[in-house]
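Please read the points below with the model open.

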Amino acid sequence: MTELNDLNDPEWQGLDPAARRLMFVFGVWPFLIPIVPATLVPLTLLPGAWGLAVTVPVALACLAAGITFGRNRWLYTRWRLDNHGFRLRKGRWWQKEVFIPRTRVQHLDIHNGPMERSRGLATLVIHSAGTQSHALKQEGFRLETAQALRDALIPQVQRDDHAL
Amino acid sequence: MTMPSDADTPNLESAELRLHPLSWLFELFNVLKQFIVPLLVLLVGGRGNQYELWGLAGIGIMVPVAVARYFTFRYRIGNDRVVIRSGLLHKTVRDIAFTRVQNVTLHQSLLHRLMDVAEVRLETGGGEKEEGRMRVLGFAAAQQLQRTIRSHETLPGTAMATDSGHDEDVLLQLSTRELIKHGLISNKGMLIVAAGFGGLMQMNWELPQRAMEQAGRWLWDHSGDLAQNSMVSYVMGAASLLLVAFVLLRIFSIVQALLHYHGFTLSGNQHRLSIQRGLLNRFNGSLPRTRIQAWTVRQGWLQRRFQRYGLSVDAAAGKTKSEALDSNWQLAPIADAESVTRIAEHVLPPGSWPIIEWNPLHPKAWQREFKKPALLLLPATALCVYAAGPYGLLLLLGIPWLYLKSKLWAKHAGYSFNGALFAVREGWIGKHWRFAETAKVQAAYIKQSPFDRRYGMASVFLDTVNAGNFEPPLAVRYLPVQEAQALQREISAIIAR
């Protein structure tokens, strides 16, 4: 089996370790939302302890899926900057690799909210003129790394505009 | 900056011009459009109430506003720009440089044509709406303005080549015969039926109901006769009803094609492709060649019988939602293979289209297309057997059909890449081809689902500007993973240059 997203590839870098817990938490909590209706509905509709027979397995499944997803999110996001442009690999089950060449970068944003700021992290957004890739967003960079990436990818003033 | 046109039009710089004297009428009409349906209800249906009369009072206010707009709107054509002054209380001066104008379109509805005027829209492709809208100019003045602006359209460094560049080659002209064919193929008649039905409902919503009731009653009255003549007449009746509906729909489609595309002319010079079309509403617009992004060629089953194709392109057009700068341009609603080649080669390098050599997908690609629907058919069959007994097993007949379908699908699917042009093709009953110059690709993706991984496959997807939602993606699925990776690397290296 040929994995697209090969974790042992030395040319690819992972995200900042400080982002691991943050991305885990933000990865898990959407999976916990279904637990609320899965608790309320069976416990009110089904008599006695039968409700628990639905609630407990659903809650466990959600938790397991959330934990797997949350861990994979940080672990399976890897990036690479070469002299052509920026490459990003994402995903454990549905894997993808995006390449945005430097010549196609329109502009770049660096965001960091309070949670990220306190950990010295930042989110990088690469804008291109494409339809799906119009804003490639990736969180979990160290602020300095994000700034270095921005400086490396910033479009040159005198570049050709023939792509548009 | 001296332009050759200075000599011909010496005093244009100073002259400040007004719109056509009748433009207040069109301004008014534009506002009234929103009220026209309730008004019709009022006049025809006679079912209006007090609130709708208040709407009429609003119109009384609109007339002076429209007239005031006419008196406050001035424009001036300079040597290199057009300056538009407008506004009664809140004044605006808008300065549009000719070289920034991406598109000048003339719109003429039936009313415009009766008065020999046209609405001019100047679009720079920057904002949400067109930057300059002149409602309305005399037709001759509008054409003059269009010519003036287009004469300034020069590529940097080719200022001298403009004279030859402004001769337009006609690339495609559709005769009435072709349009009838297009009507037969397209299903746009459905839109007319829906719109007509909606309109009827607006006017008098009991009418369609009554028509239905009438039809129902007729069937009920004659059901005795039908029943006497056994099953056959039932089937005959149903079939003839379907036939009438089908014929009517085709007729509507043909009418729609004739109205929309009458006199369709696609022409091109070194800067742009221009389209003129329309029987009642005339449209005259153009698309700069450099804004063409990805191409789509389609051929449905009926089109193949007629040996015709449909050709459309995505255009980079900002966020504009206007008709003229639509991000999807139908360059040829119906064209034979030669015309498609002629249009494609007008923009792309010669020999780009049609593509002779296609690379196949992974040899097992057909299994991917086959397995998922075939597996889904099994629980569906189980349900049917549960509900309808052994007859439910008939659903399994779908499996050989799916098998055949996926085999044929995989046979036609493929991709082609020669460094300058990337193309994919898919489809069996309805085929499509999608291609784009590598220079227009913004980002290169490679994707692999768990199912892909089992087969050692991956897909390559290329992102272009304004790829329409209704267009097939510029993507090739079910490639051997090494081939996909190599292809993505190769394209990446080219677009990074």
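1. On the chain B side, B:Gln442, B:Tyr445 and B:Arg453 supply 24% of the area that chain B buries against chain A, more than any other three residues. The model is a predicted one. In terms of contacts, 35 residues of chain B meet 28 residues of chain A.

2. Polar contact between chain B and chain A amounts to 15 residue pairs, both residues being at pLDDT 80 or more. Four elements of chain B each give at least two residues to the side that touches chain A: β18 (443-448), α16 (450-455), β19 (457-463) and α17 (481-495). The largest share, eight residues, is from α17(B). Sorted by class, this side of chain B holds 16 nonpolar, 12 polar and seven charged residues.

3. One salt bridge is counted between chain B and chain A. Its partners are B:Arg489 and A:Glu97, whose closest N and O atoms are 3.7 Å apart. This pair is worth checking by eye, because the cut-off for a salt bridge is 4 Å.

4. Which strand of chain A pairs with β18(B)? The partner is β4 (residues 95-101) of chain A, and the two run in the antiparallel sense over five bridges. Within this pairing, A:Glu97 stands opposite B:Ile446 of β18(B). A:Glu97 is also the residue that forms the salt bridge with B:Arg489.

5. Two peptide bonds of chain B deserve a look. The bond from B:Arg135 to B:Val136 is cis, with omega near 0°; B:Val136 belongs to strand β7 (residues 132-138) of chain B. The bond from B:Trp353 to B:Pro354 is cis too, again with omega near 0°. B:Pro354 is placed in the loop between α13 (337-347) and α14 (365-388) of chain B.

6. Most residues other than glycine have a negative phi. B:Asp116 has a positive phi, near 60°, and sits in the loop between α5 (110-115) and β6 (117-123) of chain B. Its relative accessibility is 47%, so B:Asp116 counts as partly exposed.

7. Is B:Tyr478 buried or exposed? At 8% relative accessibility, B:Tyr478 counts as buried, because the limit for that class is under 20%. B:Tyr478 is not a glycine, yet its phi is positive at about 55°. The residue is found in strand β20 (residues 475-480) of chain B.

Conventions. Residues numbered from 1 in each chain as written. Chains lettered and ligands numbered in written order. Predicted model: local features only at pLDDT ≥ 70, side-chain atom pairs only at ≥ 80, totals over all residues. Heavy atoms only, no water. Contact = heavy atoms within 4.5 Å. Buried area = accessible area lost by both parts, 1.4 Å probe. Salt bridge = Lys/Arg side-chain N within 4 Å of Asp/Glu carboxyl O. Polar contact = N/O pair within 3.5 Å; in protein donor to acceptor, adjacent residues only side chain to side chain. Nonpolar A, V, L, I, M, F, W, Y, C, P; charged D, E, K, R; others polar. Pairing = 2+ DSSP bridges. Buried < 20%, exposed > 50% of the residue type's maximum accessible area, 1.4 Å probe, protein only.
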